[in-house]
Amino acid sequence: MIKKFKLFVLLLSMLSFAVKAQEKLTLQEAITIAMQNNYDIKISKNNIAIAKNNANIGNAGMLPNLAATYSNGGSLQNTRQTPATGPDRVITGARSTNNDIGADLNWTIFDGFTMFANYDRLKELQKQGEINSRLAILTTVSDVITAYYDVARQQKLVIAADSAIDISVFREKIAKTKLQLGRGSKLDVLTAQVDYNTDTSNYLQQKNALQVAKVRLNQLMVRNVNLTFSVDNNIDTDQSLVYSELAELSAKQNPNVQNAFINQKVAALNLKAIKGARYPVVSLNSGYSRTNSTSPTGFNQKFAANGFTYGLTASLNLFNGFLQRQNERNAKIDIENSTLNLDKAKLDVSTQLLTAYQNYSTYLDLVKLEQRNVDIAKENLDITLAKYRLGSIAPLELREAQRNSIDAQNRFIEMQYQAKLAEITLKEISGNINLSN
């Protein structure tokens, strides 16, 4: 009775899973949803907007500064004035006022080419923002594809675990029949039941792993993590990848290499900007002011003036405590460091690419090998099942054949998945992931 109840619960669970898994999610749909919702991609796009806003001639210091000023004030005083001749002049509560309105223009027209170096640096930083955005997109799409095929792998493992239960049910049924006919033993029935429970436990654990994989994919797509779905079980690997072509692409398209290259250019531009301090700074300045004031105690009780001012100023730093030389030396060291970082980035990418390609080639061979093992193990299981029906072999031999078949299937599924991961890694390193799949 307990056994039937367990079987009923299992069937009910499987039915509930089948009802829930109505949505068939394609890889392209998963990528599209992630591209629209993923937080890292949205943040990277905002950073691009900031870098684009910053890359302008005004931020580089090429445009004039125009400032308006306004001041209004006064004073309230008690005064006593003693002239050379005559009585003292005493004023109580003398109120003075002052009103100023003006506008000042200052425009640096030459600063040793520093402003041009700053503008070029801002444009390079904008390019770097675009590269970082592309890196975020590549990383996210790579993670989505990996998670998608992990769901496919777990689905296939669930099917394999389910097939193990079918064989265990068949074996238990035959053991009971033999016991009823007097040709079997109670020990065979109990052993079959233990193996059935073991297979059921493995199946339930595999189902849990599948649900966890779906939660992870939902998270990457930034949607309700409770949503359930199914995916295509096929895990086909692109077998046309060529190392020399990938190496050429990675040298041009890898975001880390591109970032290191831009950092080298930025370091050179920083040195150019610092060297600009050796040249004079020339500025144009102009202004307009209007002043009104009153002073009951002054020689002129009212005063008003307005007009324009203009001029040209130039300054040259003659000595600043050797800071100029120090800053230039440090900038040159930064250039050297940026060159070293570029070389390191190229070496790191080459190492990652070669390692991934070796894994890719190895897993492709293992997929072929495990495919043959699956066929052999399946044929062996079919023969063993036929012999078990006839009673010519012991239950342990059937269990061993069953285990071999399941292990072969699991290894084959795992090698397919690992080969796919290697393919994804190669395309990510080379910056060659097809965003439209």
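Guide: Let us begin with a term: a salt bridge is a side-chain nitrogen of Lys or Arg within 4 Å of a carboxyl oxygen of Asp or Glu. In this structure, the side chains of Glu328 and Arg278 meet in such a salt bridge, at 2.6 Å from N to O. The pair links distant parts of the chain, with Glu328 in helix α8 (residues 323–390) and Arg278 in the loop between α7 (255–275) and β5 (281–294), 50 residues apart. Helices (H or I, at least four residues) and strands (E, at least two) are DSSP runs, numbered from the N terminus.

Visitor: What kind of model is this, and how are its residues numbered?

Guide: This is a predicted model, in which local features need pLDDT of at least 70 and side-chain atom pairs count only at pLDDT 80 or more, while totals for chains, interfaces and linings use all residues. Residues are numbered from 1 along each chain as its sequence is written, and side-chain values use heavy atoms, with hydrogens and water left out.

Visitor: How many salt bridges does the structure hold?

Guide: Side chains of opposite charge can pair when their charged atoms come close. The structure holds 18 salt bridges. In one of them, the side chains of Arg223 and Glu23 meet at 3.5 Å, N to O. Arg223 lies in the loop between α5 (186–220) and β4 (230–231), and Glu23 in the loop between α1 (2–20) and β1 (24–25), so this pair ties together parts that are 200 residues apart in sequence. Arg223 is buried at 17% relative accessible area, while Glu23 is partly exposed at 31%.

Visitor: Which residue forms a salt bridge with Asp195?

Guide: Asp195 forms a salt bridge with Arg171, and their closest N and O atoms are 2.4 Å apart. Because Asp195 lies in helix α5 and Arg171 in helix α4 (residues 114–181), the pair ties together parts that are 24 residues apart in sequence.

Visitor: Which residues make the nonpolar surface patch?

Guide: Patches are made of residues with over 30% relative accessible area and no salt bridge, where like charges are joined within 9 Å and nonpolar side chains (Val, Leu, Ile, Met, Phe, Trp, Tyr) within 5 Å. Here Trp107, Ile109, Leu284 and Leu312 make a nonpolar patch of about 380 Å², with areas taken from the Shrake-Rupley method with a 1.4 Å probe, for which only the protein chains shown count as cover for residues. Leu312, found in strand β6 (residues 302–315), is exposed at 60% relative accessible area.

Visitor: How is the protein chain built overall, and what does it span?

Guide: The protein chain has nine helices and six strands, and its C-alpha trace spans about 150 × 55 × 35 Å along its principal axes.

Definitions and conventions: Buried < 20%, exposed > 50% of the residue type's maximum accessible area, 1.4 Å probe, protein only.
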